[in-house]
Amino acid sequence: QGNRNFDMDAEAAYAWVGYTAKETPGKPGIAYRYAHFSGDNPATPTYERFDPLQSGGLGDWLQGISMAKVVQNTNLNTHNINLRYWPTNTTELSLDYFKLEADQLNNLGGNRPLANLSSRDIGQEVTLTSRTFVNDNVFLLGVASVGFPGEGVQAALGSSSPWITVQGSL
């Protein structure tokens, strides 16, 4: 990511590798994803913080549903392990584990209380997702997630309480 009006050189990418046993009942699968969203190093004249113009997408760019409310897709390195299972032909269950780390301790441009981090440890999250295809026109999504703030977030917010998200949509 760059800008012709000022010195900017930011990057974001992810790599995903996995396996699905399509011939096995329940089509179990496992995957690992590493995602990188650069942060700005204040010791350089170049602005390196990735600016997510539009990001989201549960299971694609979103780095956990609970933690994403605090840290967006910028200044972030994420490890994600995903387990999937189809108990029926129309219902998929997935379990995700996320480990989130700051790319830089300088977090200016993020949530104001997290502008300067004391640790790169942002937190961890576990998310259970259920996707049911009721028919060709109706889709049911259920999500339950718990996020555990890491040292950097705990120090900034003064709390270590887990964050819980429960969501349902039709």
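This is a predicted model: local features need pLDDT of at least 70, side-chain atom pairs count only at pLDDT 80 or more; totals for chains, interfaces and linings use all residues.
**Entry: N82**

I started with N82 and looked up its element. N82 lies in strand β3, which covers residues 76–88. Is N82 buried or exposed? I found a relative accessible area of 3%. The cut-off for buried is under 20%, so N82 counts as buried.

Next I listed what N82 touches beyond its neighbours within four places in sequence. The contacts are G29, I30, A31, S94, L95 and D96. I placed some of these by element: β2 spans 29–37 and β4 spans 91–101.

Which side chain makes a polar contact with that of N82? I found D96, at 3.0 Å. I also checked G18. G18 is 64 residues from N82 along the chain, and their C-alpha atoms are 8.7 Å apart.

**Entry: the core**

I then turned to the largest nonpolar core. How many residues does it have? The count is 16. F37, V71, L76, L100, L114, L117 and I122 have the most contacts inside it. I noted that β2 and β4 are the elements giving two or more residues to this core.

I took F37 for a closer look. Leaving out residues up to four places away in sequence, F37 touches E11, A12, F50, W61, Q63, N73, T74, N75, L76, N77 and D103. L76, on that contact list, is also among the core residues with the most contacts.

**Entry: strand pairing**

I followed β4 to its partner β5, residues 121–135. The two strands pair in the antiparallel sense over eleven bridges. Which residue of β5 is the bridge partner of Y97? I recorded V126.

From β5 I moved on to β6, residues 138–149. This pairing is antiparallel too, with twelve bridges. T127 stands opposite S145 of β6. I wrote the pair down as a hairpin, with two residues between β5 and β6.

**Entry: R131**

My last stop was R131, which sits in strand β5. Its relative accessibility is 13%. That value falls under the 20% cut-off, so R131 is buried.

What does the side chain of R131 reach? I found a polar contact of 3.3 Å with the side chain of S94. S94 had already come up, as one of the contacts of N82.

N82 pairs with D96 at 3.0 Å. R131 pairs with S94 at 3.3 Å. N82 is buried at 3%, and R131 is buried at 13%.

Terms used. Residues are numbered from 1 along each chain as its sequence is written. Side-chain values use heavy atoms; hydrogens and water are left out. Helices (H or I, at least four residues) and strands (E, at least two) are DSSP runs, numbered from the N terminus. Buried means under 20% relative accessible area, exposed over 50%, partly exposed in between (1.4 Å probe, protein chains only). Contact means heavy atoms within 4.5 Å. A polar contact is a pair of N or O atoms within 3.5 Å; within protein, one must be able to donate a hydrogen and the other to accept it, and residues adjacent in sequence count only if both atoms are side-chain atoms. A nonpolar core is a set of buried Ala, Val, Leu, Ile, Met, Phe, Trp, Tyr and Cys residues joined through side-chain atoms within 4.5 Å. Two strands pair if DSSP finds at least two bridges between them.
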